[in-house]
Amino acid sequence: MRRAVCPGSYDPATNGHLDIIERASRLFDEVVVTVMINKSKKGLFSIEERMELLRDTTASLPNVRVDSWQGLLVDYCRANGIAAIAKGLRSVSDFDYELQMAQMNRELSGVETLLMPNNPVYGFLSSSLVKEVATYGGDVTNLVPQLVLERLKEKLPALG
């Protein structure tokens, strides 16, 4: 079975994330969307909320499941028998960073990384930008799945 992990903070999941997840789901038998836990960062959504939103927004993809992990991604891959990491690239700066990570991950574990160019429609999109715009009441309707938009409205009164 060909398995891949799509790691990220997903705080919140965006349409750009979902584009990469959907595309990876066509390439692999199973895709594990893994919410990476960083205890030094306080997110807008809890880990459980992010996982719930991801489960709901990927429910139409039968070969996608959602999990979480704190620690090295390659340790997660080893523990779960996953041989590939699928990640999206928005820009050259993403490429520089992700290439280093891919090379390090391969050196540490032999896990390969598939770097997928984003859909140009989402080239500017990041969770941080969505949160910032939404915090000030900006319209993020076309940037996130409908369920995420609803939850953002609950958390950020200015968006309502």
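K87 and E98 form a salt bridge, and their closest N and O atoms are 3.0 Å apart. This pair links distant parts of the chain. K87 sits in strand β4, which covers residues 84-89. E98 sits in helix α4, which covers residues 92-109. The model is predicted, and every value here is computed from it.

How exposed are these two partners? K87 is partly exposed, with a relative accessible area of 21%. E98 counts as buried, because its relative accessibility is 9% and the cut-off for buried is under 20%.

Stay with K87 for a moment. Its bridge partner in β5 is L115. Strand β5 covers residues 112-117. β4 and β5 pair in the parallel sense, over six bridges. Together with helix α4, these two strands make a right-handed β-α-β unit.

Now widen the view to charged pairs. Side chains of opposite charge can pair when their charged atoms come close. How many salt bridges does the structure hold? It holds 15.

One of them joins R50 to D11, with the closest N and O atoms 3.7 Å apart. R50 lies in helix α2, residues 47-57. D11 lies in the loop between β1 (3-8) and α1 (15-27). The pair therefore ties together parts that are 39 residues apart in sequence. Both ends are buried: R50 has a relative accessibility of 9%, and D11 has a relative accessible area of 4%.

Which backbone nitrogens does its side chain reach? A polar atom of the D11 side chain lies 2.8 Å from the backbone nitrogen of L44. The D11 side chain also reaches the backbone nitrogen of F45, at 2.9 Å. Set aside the neighbours within four places in sequence, and D11 is in contact with G43, L44, F45, R50, S127 and K131.

Another salt bridge stays inside one helix. R23 pairs with D19, and their closest N and O atoms are 3.0 Å apart. Both residues belong to helix α1. They are four residues apart, so about one helical turn separates them. D19 counts as buried, at 14% relative accessibility.

E49, E52, R151, E154 and K155 are linked in a network of salt bridges.

The structure holds one aromatic pair. Its members are W69 and Y76, whose ring centres are 5.2 Å apart. Why is the pair called edge-to-face? The ring planes stand at 70°, and planes over 60 degrees apart count as edge-to-face. The two residues do not share one exposure class. W69 is partly exposed, at 24% relative accessibility. Y76 is buried, at 1%.

Methods. Residues are numbered from 1 along each chain as its sequence is written. This is a predicted model: local features need pLDDT of at least 70, side-chain atom pairs count only at pLDDT 80 or more; totals for chains, interfaces and linings use all residues. Side-chain values use heavy atoms; hydrogens and water are left out. A salt bridge is a side-chain nitrogen of Lys or Arg within 4 Å of a carboxyl oxygen of Asp or Glu. Buried means under 20% relative accessible area, exposed over 50%, partly exposed in between (1.4 Å probe, protein chains only). A polar contact is a pair of N or O atoms within 3.5 Å; within protein, one must be able to donate a hydrogen and the other to accept it, and residues adjacent in sequence count only if both atoms are side-chain atoms. Contact means heavy atoms within 4.5 Å. Rings of Phe, Tyr and Trp (its six-membered ring) pair if their centres lie within 6.5 Å; planes under 30 degrees apart count as stacked, over 60 as edge-to-face and the rest as tilted. Two strands pair if DSSP finds at least two bridges between them. A crossover is right-handed if, with the strands pointing away from the viewer, the path from the first strand over the helix to the second runs clockwise.
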